[in-house]
Amino acid sequence: MNDSFQRFSSVAKINRFLHITGQRDNGYHELQTVFQFLDFGDTLEFKVNNSGTINLLTPIAGVSNSSNLIVKAAKLLQNKANCSFGVEIKLQKQLPMGGGLGGGSSNAATTLLALNKLWKLNFTTDQLAELGISLGADVPVFVRGFTAFAEGIGEHLTPIDVDMPWFLVTIPNCSISTAEIFGAEELPRNTAKIDINNVDMDSCHNDCEKLVIKRYPEVAKLMSWLLEYAPSRLTGTGACIFSSFNDKESAVQVQSKLPNGVKSFVAKGLNHSPILAELKL
Ligand SMILES: C[C@@](CO)(OP(=O)(O)O)[C@H](O)COP(=O)(O)OP(=O)(O)OC[C@H]1O[C@@H](n2ccc(N)nc2=O)[C@H](O)[C@@H]1O
Ligand SMILES: Nc1ncnc2c1ncn2[C@@H]1O[C@H](COP(=O)(O)OP(=O)(O)O)[C@@H](O)[C@H]1O
């Protein structure tokens, strides 16, 4: 057993667009979206133990360890495999919570993938993705690690290669609940389905954007500022906005002009999550 901590990345995703094409009887929404990874995110470190305890050494303020998706993912895997190993976990959080960057889902997926390797469980990617969906709709895409066109409630994933712009991601000073946005009566729910072979990012949109802009003045203000400089769109159900640039320098330049107090980062869009390579090491 390796008795030092081993480090794995847990990157962000953006939804390059998010179309809501219907709603199921159980209230869940039918979506079409492209998930793209960014080369920016959290880091998780794992040290396996023999005692069977699962211990997150770096709690997140406002999230109890028992409801932290990292701990939930580790326990789920341990139970499923009837595994006697435990683990000490450290998290370095960089991603805002409730920002539409999928930080919680990404942390859960990294935990499943890393512990599958470190506990030598040999679950297949399909099995881990299946386990992951019980933790959150976005966990499977992070488990699979490829940029994907998603349909259904986000679980039918087809790999797709998309352009890899540089993004300025801005973080409005508010957290938006996914359930709140999906629960809103005025949310559009009937965008026509598009064909995966004919995806034009520019003519796509985010169906949550108008509603979020209406309800959250912080997002409205920032969006209109950013649109003066670059094409900009909401990710997921918000609150973060990504603005696209051809090169890093242009993104950094606009970042340097942001109104005082607006948090942000610059990152490149990827077609594969870095964790795929890390798992092979
Ligand atoms: C729509 C996306 C796009 O990435 O939004 P973001 O959360 O990233 O902003 C996600 O798929 C969200 O996934 P996730 O945040 O894991 O959602 P969950 O916890 O599974 O669901 C939160 C709540 O949102 C609603 N929900 C979620 C997904 C979906 N396709 N239809 C829904 O109606 C349900 O009411 C559910 O109780
Ligand atoms: N490890 C975790 N990282 C982030 N959020 C977590 C984690 N565990 C549980 N959560 C909960 O999940 C919620 C959604 O977080 P996150 O996935 O980062 O947002 P989003 O889906 O909007 O990108 C948070 O508000 C938090 O209460």
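Biologist: Is the crossing of H1 and H2 left-handed or right-handed?

Modeller: First, a word on the source: this is a predicted model, where local features need pLDDT of at least 70, side-chain atom pairs count only at pLDDT 80 or more, and totals for chains, interfaces and linings use all residues. Residues are numbered from 1 along each chain as its sequence is written, with chains lettered from A and ligands numbered from 1 in the order in which they are written. A crossing counts as left-handed if the near helix is turned anticlockwise from the far one by less than a right angle, and right-handed if clockwise. For H1 and H2, the crossing is right-handed.

Biologist: At what angle do H1 and H2 pack?

Modeller: Helices here are DSSP runs (H or I, at least four residues), numbered from the N terminus. H1 covers residues 69-81 and H2 residues 103-118, with their axes 8 Å apart. Axes are lines fitted to C-alpha atoms over the stretch in contact, and angles run from 0 to 180 degrees between N-to-C directions. The packing angle is about 35°.

Biologist: Which residues come nearest to ligand 2?

Modeller: A residue is near a molecule if its C-beta atom, placed from the backbone, lies within 6 Å of it. There are 17 residues around ligand 2, and H1 and H2 are the elements giving two or more of them. The largest share, four residues, comes from H2. Those that come nearest are Leu69, Met97, Gly103, Gly104 and Asn107.
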